[in-house]
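Here is a short report for a reader who is new to this model.

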Amino acid sequence: DFWISPFGYYILWQSIYLIKTEVVSKKKLEYNTEIMTSLRWMTRKKDSASYKLLSVFGEHHQLPTFVAIQAVYTLVTFLGIPLLWHSIWLHTIYLGVIFIIALANGATYYFHIFAKRYIEEIGKLVVEEEKLGNNNNTK
């Protein structure tokens with residue numbers, strides 16, 4: 001009961017996604033290889049683990065392999081649902097862990113972005129100072 005309805009929605013979503021990427025937008029995606037789909041993202045580097053895993057049955061079978069692995073992954077993630085449903089403590093701990101991970105990821109992202117921008121700004125100031133210093137020395 002915990003798996004039937006959610007997996008039905010997963011199958012509906014996966015079907016719509018495949019119709020969109022493999023039928024409706026097929027020509028557009030073939031023409032513009034810069035547009036990233038999940039499969040393209042995971043198979044963009046031939047030496048990556050995801051490429052090797054999805055190519056285990058051959059390159060021509062990457063899409064069905066991707067769909068099958070994703071379906072199995074989805075089902076595996078459903079295994080913990082009854083435990084979380086029946087235990088408020090496990091549910092609370094689970095949500096707390098997700099919150100902490102999201103918080104850490106967000107903080108790390110912002111730290112890297114702002115640090116990078118700060119370094120770029122400092123670099124621009126140094127270049128401007130050097131130009132001003134060179135202009136003052138040549139006068």
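A helix here is a DSSP run of type H or I with at least four residues, and helices are numbered from the N terminus. By that rule, G106 lies in helix α7, which covers residues 88-138. The model is a predicted one.

**Overall build**

The protein chain has 7 helices and 0 strands. Read from the N terminus, the order of elements is α-α-α-α-α-α-α.

The radius of gyration of the protein chain is 24 Å, whereas a compact globule of 139 residues would have one near 14 Å. Along the principal axes, the C-alpha atoms fill a box of roughly 80 × 50 × 30 Å.

Of the 139 residues, 16% count as buried. The accessible surface of the protein chain is about 11,600 Å². Carbon and sulfur atoms hold 69% of that surface.

Contacts tell another part of the story. Among those in the protein chain with a separation of 6 or more, 39% join residues 24 or more positions apart.

**The largest pocket**

How much space lies in the largest pocket? About 310 Å³. Its lining is made of 13 residues. Nearest the centre of the largest pocket are T21, E22, T37, L39 and R40.

Which helices supply at least two residues each to this lining? They are α1 (4-24), α2 (26-31), α3 (38-42) and α5 (62-78). The most comes from α1, with 4 residues. By type, the lining of the largest pocket divides into 6 nonpolar, 3 polar and 4 charged residues.

**Two residues up close**

H61 sits in the loop between α4 (49-54) and α5.

The table gives the C-alpha to C-alpha distances.

| Pair | Apart in sequence | Apart in space, C-alpha to C-alpha |
|---|---|---|
| G106 and V23 | 83 residues | 36 Å |
| H61 and I98 | 37 residues | 34 Å |

To recap, the predicted model is a chain with 7 helices and 0 strands. Its largest pocket is lined by 13 residues, and α1 gives the most to that lining.

Technical notes. Residues numbered from 1 in each chain as written. Predicted model: local features only at pLDDT ≥ 70, side-chain atom pairs only at ≥ 80, totals over all residues. Heavy atoms only, no water. 1 Å grid on protein atoms, 1.4 Å probe; cavity = no way out; pocket = protein on both sides within 12 Å on 5 of 7 lines; lining within 4 Å. Points joined across faces, edges and corners; volume = space filled by probe spheres on them. Nonpolar A, V, L, I, M, F, W, Y, C, P; charged D, E, K, R; others polar. Rg over C-alpha atoms; globule rule 2.2 N^0.38 Å. Buried < 20%, exposed > 50% of the residue type's maximum accessible area, 1.4 Å probe, protein only. Contact = heavy atoms within 4.5 Å. Areas by Shrake-Rupley, 256 points an atom, 1.4 Å probe, with all protein chains shown as cover.
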